[in-house]
Amino acid sequence: MKLTEILANIKEKLGIAALKPMQAQVAECQSERLRLAAPTGSGKTIAFVIYALKRIGAPGRGVQVVVLAPSRELALQIYSVMRPVAGGYKTVVLYGGHSMEDEKNSLSPAPDIVIATPGRMLDHINRRNIDVSAVRVLVLDEYDKCVELGFEGEMKRIVQRMSGVRAIALTSATSAIDLPQYLPQDGWHTFDFAEGVSASQLQLVRVQSQAVDKADTLAALLCSIPERKVIVFVNHRESAERVRDFLKKAGIYAGLYHGGLEQHDRAMAVELLDNGTVDVLVATDLAARGLDISGIEAVVHYHIPPTAENWIHRNGRTARNGAPGTVYTITSEADNIPEYVEWTREYAPKPDYRCRPGSGIATLHFNAGRKEKISKGDIAGFLIIRGGLKADEVGRISVHDHEALAAVPAARVREVIKAVEPHRLKNKKVKITQVRV
């Protein structure tokens, strides 16, 4: 694709009128070996999308671009950016927990662009559902995380099948990463934008807990701070479950995100935070990278992060794209505070707290989606015409293969469900229920 066409699609489809300096530099890069170090939220997805699309031929020639990402959520995020920008190129996404049959069908006729997690990509290669011998451009997004999560063997086997690769782009959140042996070791053009956020964007606050168990202090903090959209980080899955349950009893409804959950449940938790149904997400460090959640106003370290890297990546969830953000670190006398944990002021929430009201948003679940030919516009029109909502009462709508979600006012959710129940959506009988939190 020509750069002018790519930029026009970015403006029209994504609503981005101008590239950031980092994106513009990558767009002009002529090297066939690119290393890009940049923090999550800096716009590197658009940067490597431009880099890849500039290097492919006309559509319909088989798989030309492969993008590998370490998590389902990151793969879907990349897909949401790359598919509209790629215009007439067939783009598919492959990941574990998704219907293998649906994915197999999406690979015939062969797509031009494939975005995938390593395990699922190798599975399709081994089943001979996809031919990657003619791939021209390979992108390894968050490749340092892929190695950390144990994907290195799968990545190596995939790359070795791609004998025709002409251009490779590697992205990571830090430049201090050794190249894996299955990739070329020299000739790389490196862009290093891994400096993170500035001090003026990020406020670092200490919150002291009088008890070793910090749950009461956390609840008091969440009920008293001005920031509404918050991620609370803990160090273990069991702690995430316990903290989320405690918050619920305190009247704070929070999402839950850790590696022991099914991918669908993790995706649902992210969606409920993103669309405003819940204000809080309790998560392990699995959520510290790779998620694209807009408007995170604060991060809370319920547990002290075990490494400096965890500290950096957790904090990187907020103060993104020039927006302000606050990092709260809850400490007790039992904590050993490492040098990388810092704060510039302290805050003491009132122990006799009364929690703030809920978000006022609820989420409707539709048991039909993209594969049933349902679009965002179909759902919005249905909720306005049949459900009696005003246009500005319909919030974020997300459509997946066989389901869709829509944010609506919580005060009206029951009447909306009752109003739409007798009606069909695009001549289909669709079950609509409220997602419980």
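Okay, hi everyone. Keep in mind as we go that this is a predicted model.

Let's begin with helix H3, which covers residues 44-53. How many of the residues of H3 are buried? It's 10 of the 10, so this helix is largely enclosed by the rest of the structure. If you want to follow along on the screen, the buried residues of H3 start with Lys44, Thr45, Ile46, Ala47 and Phe48, and carry on with Val49, Ile50, Tyr51, Ala52 and Leu53.

Take H1, residues 3-14, and H4, residues 72-85. Their axes come within 8 Å, and they cross at roughly 120°. Are they parallel or oblique to each other? With angles from 65 to 115 degrees called roughly perpendicular and those over 145 roughly antiparallel, H1 and H4 are therefore oblique. The crossing of H1 past H4 is right-handed. Which residues make the contact? On the H1 side you'll find Ile6, Asn9, Ile10, Lys13 and Leu14, and on the H4 side Ser80, Val81, Pro84 and Val85. Sort the residues of that contact by type and you get 6 nonpolar, 2 polar and 1 charged.

Here's another pair: H9, residues 215-224, and H10, residues 237-249. Their axes are 10 Å apart, and the packing angle is about 55°. That makes H9 oblique to H10. H9 also passes H10 in a right-handed crossing. From H9, the contact uses Ala215, Asp216, Leu218, Ala219 and Leu222, while H10 brings Val243, Phe246 and Leu247. The breakdown for H9 with H10 is 7 nonpolar, no polar and 1 charged.

A bit of background: most residues other than glycine have a negative phi, and most peptide bonds are trans.

So where do we find a cis peptide bond? Go to the step from Ser108 to Pro109, where omega is near 0°. Pro109 sits in the loop that runs between helix H5 and strand S4.

Next, Arg128. Its phi is near 65°, which is positive, and this residue is not a glycine. You'll find Arg128 in the loop between helix H6 and strand S5. Is Arg128 buried or exposed? Its relative accessibility is 78%, and the cut-off for exposed is over 50%, so Arg128 counts as exposed.

Lys373 has a positive phi as well, about 65°, and again we're not looking at a glycine. This lysine is in the loop between strand S15 and helix H13. Lys373 has 59% relative accessibility, so it counts as exposed.

Last stop: Asn310, in helix H12, residues 308-315. Why do we call Asn310 buried? Because its relative accessible area is 17%, and buried means under 20%. Its side chain has a polar contact of 2.6 Å with the side chain of Thr307. Setting aside neighbours within four places in sequence, Asn310 is in contact with Asp285 and Pro305.

Technical notes. Residues numbered from 1 in each chain as written. Predicted model: local features only at pLDDT ≥ 70, side-chain atom pairs only at ≥ 80, totals over all residues. Heavy atoms only, no water. Helix = DSSP H or I, 4+ residues; strand = E, 2+ residues; numbered from the N terminus. Buried < 20%, exposed > 50% of the residue type's maximum accessible area, 1.4 Å probe, protein only. Polar contact = N/O pair within 3.5 Å; in protein donor to acceptor, adjacent residues only side chain to side chain. Contact = heavy atoms within 4.5 Å. Axes fitted to C-alpha atoms, helices over the stretch in contact; angles between N-to-C directions. Parallel < 35°, antiparallel > 145°, perpendicular 65-115°, else oblique. Left-handed = near helix turned anticlockwise from the far one by under 90°. Nonpolar A, V, L, I, M, F, W, Y, C, P; charged D, E, K, R; others polar.
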